[in-house]
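Hello,

Here is the structure I promised to pass on to you.

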Amino acid sequence: MKHSNFVNIVNFIRALEPRYHEQRDLFEPVREQMALAKEFNLPTTWLLQYDALTTGPFVDFLKNEMPESHEIGIWFEVVQPNVEAAGIPWRGRWAWDWHTDVGFSVGYSPEERERIADVFVERFRETFGRRPASMGSWLFDAHLLAYLYRRYRLEAACNCKDQYGTDGYTLWGGYWANGYYPSIQNAYLPAQHPESQIPVPVFRMLGSDPLYQYSAGIAGNGQQVITLEPAFEGLGGGSREWVDWFFRENYRHPHLAMAYAQAGQENSFGWDRMKKGLPGQYREIARLRDAGTIRIATLGETGRWFRSHFPVTPASAVVTLDDWQQAGHAGVWYLSRFGRVNLFRETDGTLTVRDWQLFREDYAEPYLRDVCHSGACVYDALPLLDGMLWHPSSFRFPGGPGEVADVLEESPEILRIVWKRKTGEHVVIRLTPETMAMEFPRDGEALFYQCNRQAVELRTPTALFFRNGQIRYRHKGYDYGFGAEVGRIVPDGDDFRLEADGRHLVLRSF
């Protein structure tokens, strides 16, 4: 059994659903999900929104049908009965309104968030005789999470995958997969030191496609969704071929600290949307468990395991060497408490760095103390390179086409990638929490930093400067950047050359 290969099956439940004209049966998906969980003996986490905790058949059903290996927690979207029970006027269009200024914790003052949480948790405790061990929401703020830990000893939480604008909220640039300890000033980003973190592990939901979700394009309501969600027929979790590929690649070694995926589906989609894809996912998850490839646990159990193994956010990786679209792509996501890097094999066979984001525990989220007054909101990191929002921008490796020849765990926090050119020459790349180190086969080689200055300034927006041999940025009033610890950075028009000293180049963020 791979004890660090986790799957959480998380089904969250609403009793209110005003988005659809037709009457939607919100109980049928829960009943069918429970039947599948029992058929395949899969521990499951059920997260109840406040309305589902207080109305409908859900509580009695879970009490009567839920095996001991299952877990009940709370889904923290904000609904009218919860708000009014806390003595706060409701501002929504309907009793559940998904706009971020009404339906999420960020739409309320810190004091109001605590009152809403107290009502929710106390009702949960009255209903089930215990506090919730786990909490989920597409997004939540650091004040709320710290309060739930401090007062109610919350053990684990989950939030949405990285996405740009989907359903009105943007989470972009964070710890891309697996789990992390958030900063006390920013629920979306890891802290770097124990004293600056909320000791509640947060796990990224939905099981994102590691090759294609990042640049899946932006439609009218945000990015296309390529994840394990079975409601999207023929794509991602609605495709049996994609699901098999995802589980194979997501748990490919090495992954350093852990590999993680969240399966399941919210009941709002209705059973008809998920019934084609979900049974096959459950069957495959059970098969992988029986083969000793993965460990199926509840969200709370995963949080307790995480805390018992890691005093701070560990480094982890997602290594993807096979392309389900057969377009020749491959990639490596490297994640640490200091930042993330994504290496990517392009269609033409060349190697690029297409994403590099910096994490800093004192980069405060916008809603730590302030209220979100918009129907949309943004959480982000500090971009050093953003191949999606700054397109076309990348660090391009020299030497033409090649392939990933090997990926090795050099230490618990260091990933070593060997890139083999068609010429047979090798480039060795070492990713550490704060550096990218490269050893080239020839003296004087360089990465080419193609930099779309207009996109940098307009899309993020971020100011870029070149000063004292370093590339510096100012993003939302925060100054940071990177330099060459070994080698040098040379301007090349609007772009840059990151030149090796002899055969070595080491880039360090600051």
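A polar contact here is a pair of N or O atoms within 3.5 Å; within protein, one of them must be able to donate a hydrogen and the other to accept it, and residues adjacent in sequence count only if both atoms are side-chain atoms. By that criterion, the side chains of N8 and Y260 make a polar contact at 2.8 Å.

Before the rest, some ground rules. This is a predicted model, where local features need pLDDT of at least 70 and side-chain atom pairs count only at pLDDT 80 or more, while totals for chains, interfaces and linings use all residues. Residues are numbered from 1 along each chain as its sequence is written, and side-chain values use heavy atoms, with hydrogens and water left out.

Back to N8: it sits in strand 1, residues 5-13 (strands are DSSP runs of E, at least two residues; helices are runs of H or I, at least four; both are numbered from the N terminus). N8 is buried, at 0% relative accessible area (buried means under 20%, with a 1.4 Å probe and protein chains only). Beyond its neighbours within four places in sequence, N8 is in contact with residues including A261, Q262, A297 and T302 (contact means heavy atoms within 4.5 Å).

As for the whole protein chain, it has 12 helices and 32 strands. Its C-alpha atoms fill a box of roughly 70 × 50 × 45 Å along the principal axes. Buried residues make up 62% of the 510 residues. Of the contacts with a separation of 6 or more, 67% join residues 24 or more positions apart.

Best wishes

Definitions and conventions. Buried means under 20% relative accessible area, exposed over 50%, partly exposed in between (1.4 Å probe, protein chains only).
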